[in-house]
Amino acid sequence: MAFLCAICIAFVSIPIASKATESTKEKLEKAKEAKKESQNQLEGTKDDIAEMNEEKSSLQGQLNSLNTQLSEVSSNLEEIEEQIENKENEIENTQAELEVARQTEANQYASMKKRVQFIYEKQNFVLIDMLTGSSSFADFLNQNNYVEQLSAYDRKMFRQYIETRKAIEEKEATLEEEMVALEDYQMKQKAEQSRVSGLVTQTSGSIKQYANDISDAEARAEALEAQIKEQEKDIKALEAKLAEEQRLSKLARNSTWRNISEVTFAEGDRYLLANLIYCEAGSEPYEGKVAVGAVVINRVLSSVYPDTVVGVIYQGKQFSPVASGRLALALAEGRANAACYQAADEAMKGYSNVGSCVYFRTPVPGLSGITIGGHVFY
């Protein structure tokens, strides 16, 4: 036992860090890693926003081009519709002219038919009437010439009518062909309008979706920036806490210590210490239980820490079972076993198998001390 104490006293000169100190270091490293991860996420989100803005800008250019195309197609359709309307009016007028021509044909045909019938049926009587009714042969010739001129006029007018009707029919056929061509072109333009309109709708929808995605990404970036600020605050707080713990650790090494005979234990200290040992070292070997009890009593003896068992155990952020509520549950149910009580009794008598060590924790790389079971004491 004297040999162990000598070893522990030798370790007093080693720079030490408390369980809380090392825990703060781990928290600090985790906080820095979390900040780094948040920063990476923020950078990635900003890159995504830049890419989405670039794609949105490209789509906006496409949309502007499509809107120009749609405007041109719509303008073409308006012109075509106007041309079709004019062509319909021309066809309607031509059909009216054709109808008039057909009526004229019918009238001329009826008149000519009567005159021809009259000439062939009444020719002899007409000639006799013309001969007897003429005052002279010259007068007869004049009347006969008149009949011939009348017939020639009828033939001339009929030929003119035929030519007019043919021209009107040709014009009507041309107009009908042009109308068909216009209607075909109109259908193509409507199909183009529908296609471009669909692209406009699709592109507009894509732009809207990108706008929503950008808005969401910006919100995430804003949240990440706020998170980083909070993480920076946490890091600063942990750094300040670590500095304070390191200061206290150094102070504890150089502090004055009371003798165990100077300590007056209160009723309930044994029960409290035994249950803390149960929480911290319940699954550890007996030597580990004694070592945990010794750390508590060493703090009671040090001028840096509270001078009572209750004060040491319930000092803020020192023993995790206190903060987690495990100690309260153990006290309520009396979970400490005989080995825990025996270890508490040895510690309260002043025995220490870890010398003047005042801290312990699970081993971490770079931490030196006395290892007992799953803990390193320093």
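1. Axes are lines fitted to C-alpha atoms, for helices over the stretch in contact, and angles run from 0 to 180 degrees between N-to-C directions. With that in hand, take helix 5 (residues 286–301) and helix 9 (residues 338–348): they pack at about 45 degrees, with axes 8 Å apart. Helices here are DSSP runs of H or I with at least four residues, strands are runs of E with at least two, and both are numbered from the N terminus.

2. A word on the source. This is a predicted model, in which local features need pLDDT of at least 70 and side-chain atom pairs count only at pLDDT 80 or more, while totals for chains, interfaces and linings use all residues. Residues are numbered from 1 along each chain as its sequence is written, and side-chain values use heavy atoms, with hydrogens and water left out.

3. Overall layout. The protein chain has nine helices and three strands. Along the sequence the pattern is α-α-α-α-α-α-α-α-α-β-β-β. Of the 378 residues, 32% are buried. Buried means under 20% relative accessible area, exposed means over 50%, and partly exposed lies in between (1.4 Å probe, protein chains only). Take contacts between residues at least 6 apart in sequence: 79% of them join residues at least 24 apart. Contact means heavy atoms within 4.5 Å.

4. Helix 5 against helix 9. The two helices are oblique to each other. Angles under 35 degrees count as roughly parallel, over 145 as roughly antiparallel, 65 to 115 as roughly perpendicular, and the rest as oblique. The crossing of helix 5 and helix 9 is right-handed. A crossing is right-handed if the near helix is turned clockwise from the far one by less than a right angle, and left-handed if anticlockwise. Helix 5 contributes Y286, K289, V290, G293, A294 and I297 to the contact, and helix 9 contributes A339, C340, Q342, A343, E346, A347 and M348. By class, the contact of helix 5 with helix 9 has nine nonpolar, two polar and two charged residues. The classes are: Ala, Val, Leu, Ile, Met, Phe, Trp, Tyr, Cys and Pro nonpolar; Asp, Glu, Lys and Arg charged; the others, Gly among them, polar.

5. Helix 4 against helix 5. Helix 4 (residues 269–281) packs on helix 5 at about 125 degrees, with the axes 9 Å apart. That makes the pair oblique. The crossing of helix 4 and helix 5 is right-handed. L273, L276, I277, E280 and A281 of helix 4 meet G288, K289, V292, G293, V296 and I297 of helix 5. The contact of helix 4 with helix 5 divides into seven nonpolar, two polar and two charged residues.

6. A281 sits in helix 4. At 1% relative accessibility, A281 counts as buried. Leaving out residues up to four places away in sequence, A281 touches G288, K289 and V292. A281 and G373 are 92 residues apart in sequence, yet 9.2 Å apart in space, C-alpha to C-alpha.

7. Helix 4 against helix 8. The axes of helix 4 and helix 8 (residues 326–333) come within 9 Å and cross at roughly 125 degrees. Helix 4 and helix 8 are therefore oblique. Their crossing is right-handed. Y271, L272, N275, L276, Y278 and C279 of helix 4 meet R326, L327, A330 and L331 of helix 8. The contact of helix 4 with helix 8 has eight nonpolar, one polar and one charged residues.

8. Three strands form an open, antiparallel sheet in the order 1-3-2. Strand 1 (360–361) and strand 2 (370–372) are the edge strands, each pairing on one side only. Two strands pair if DSSP finds at least two bridges between them. Strand 1 and strand 3 (residues 375–377) run antiparallel and are joined by two bridges. R361 stands opposite V376 in strand 3. Helix 5 lies across strand 1, strand 2 and strand 3, at about 40 degrees to strand 3.

9. L70, in helix 2. Helix 2 spans residues 19–133 and holds L70. L70 counts as buried, at 19% relative accessibility. Setting aside neighbours within four places in sequence, L70 contacts Q193, V196, S197 and V200. L70 and S194 are 124 residues apart in sequence and 9.0 Å apart in space, C-alpha to C-alpha.

10. One backbone point to check by eye. K317 has phi near 55 degrees, a positive value in a residue other than glycine. K317 lies in the loop between helix 6 (309–313) and helix 7 (320–324). At 68% relative accessibility, K317 counts as exposed.
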